[in-house]
Amino acid sequence: MIAIAAAALIAVVSVIFLLKQVTEAAHCRRKLLSLYSNIHIHTTRHAGHHAADIIAVATCRNSALLGVEMTHARSNYWISVLLTCKPGAKRSLTTTNAALESDYIYINWEQFFGTNYPPNYPLMYDRHMRNHWGMGVNVLTTDGRRFWDYRVRWLRDFAQKHPEYELLLPD
Ligand SMILES: [Zn+2]
């Protein structure tokens with residue numbers, strides 16, 4: 001009886017854990033959609049040129065909408081919200097290190113392709129395997145596709161096919 005109860009408890013905890021992971025991964029993909037929208041706004045406003053770095057991606061929408069320079073604290077808040085993978089995370093990123101502390105890696109391909117990006121190249125993805133308990137990462141491609149990359153197989157495959165880009169893989 002106790003064994004059955006223990007097994008049932010483990011099953012329930014496992015299901016809750018799995019649902020939490022699925023929810024968090026979905027939240028992360030919505031975050032990538034927001035960031036892709038920012039990237040689009042940036043290219044529209046800068047004659048097709050992509051944001052130089054992830055901070056430019058995170059801040060372009062707000063400065064575009066408000067039309068004013070944001071205060072340091074406010075921009076820092078938005079950077080933190082946008083560049084954190086987990087829902088409800090309230091950690092603060094120091095502005096100078098925000099690119100490094102970001103949960104995402106962003107790639108500007110202009111050095112290779114100018115403003116004419118090829119489709120289906122990785123544009124942004126989870127920086128750390130720990131973002132999703134080591135199970136995989138979310139990827140956003142140059143043509144706006146977002147998908148779950150189980151065990152980072154797609155990114156590893158891309159890196160192997162294109163060693164010339166020296167792609168930084170999630171750690
Ligand atoms: Zn994520």
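Modeller: This is a predicted model. Begin with β3 and strand β4 (residues 146–150), which pair in the antiparallel sense over five bridges.

Colleague: How do you know that β3 and β4 pair?

Modeller: Pairing requires at least two bridges between the strands. β3 and β4 have five bridges, so they count as paired. Within this pair, Val139 stands opposite Phe147 in β4. The hairpin of β3 and β4 has four residues between the strands, and Gly144 takes a positive phi near 85° there.

Colleague: What joins β2 to β3?

Modeller: Three bridges join these antiparallel strands, with Pro122 opposite Thr141 in β3. β1 and β2 also run antiparallel, joined by three bridges, and Ile105 stands opposite Tyr125 in β2.

Colleague: What makes β3 mostly covered?

Modeller: A residue is buried if 20 or more other C-beta atoms lie within 10 Å of its own. Six of the six residues of β3 are buried. On one side these are Gly136, Asn138 and Leu140, and on the other Val137, Val139 and Thr141, so both faces are covered.

Colleague: Why is β2 called largely enclosed by the rest of the structure?

Modeller: Because five of the five residues of β2 are buried.

Colleague: Which residues touch the most other members of the largest nonpolar core?

Modeller: Val57, Met124 and Tyr125, in a core of 26 residues. Among the elements that each supply at least two residues of this core are α1 (2–45), α2 (54–66) and β2 (122–126).

Colleague: What does Met124 touch, not counting residues up to four places away in sequence?

Modeller: Met124 touches Leu32, Leu35, Tyr104, Ile105, Tyr106 and Leu140.

Key. Residues numbered from 1 in each chain as written. Predicted model: local features only at pLDDT ≥ 70, side-chain atom pairs only at ≥ 80, totals over all residues. Core = buried A, V, L, I, M, F, W, Y, C linked by C-beta atoms within 7 Å. Buried ≥ 20, exposed ≤ 12 C-beta atoms within 10 Å, placed from the backbone. Contact = placed C-beta atoms within 7 Å.
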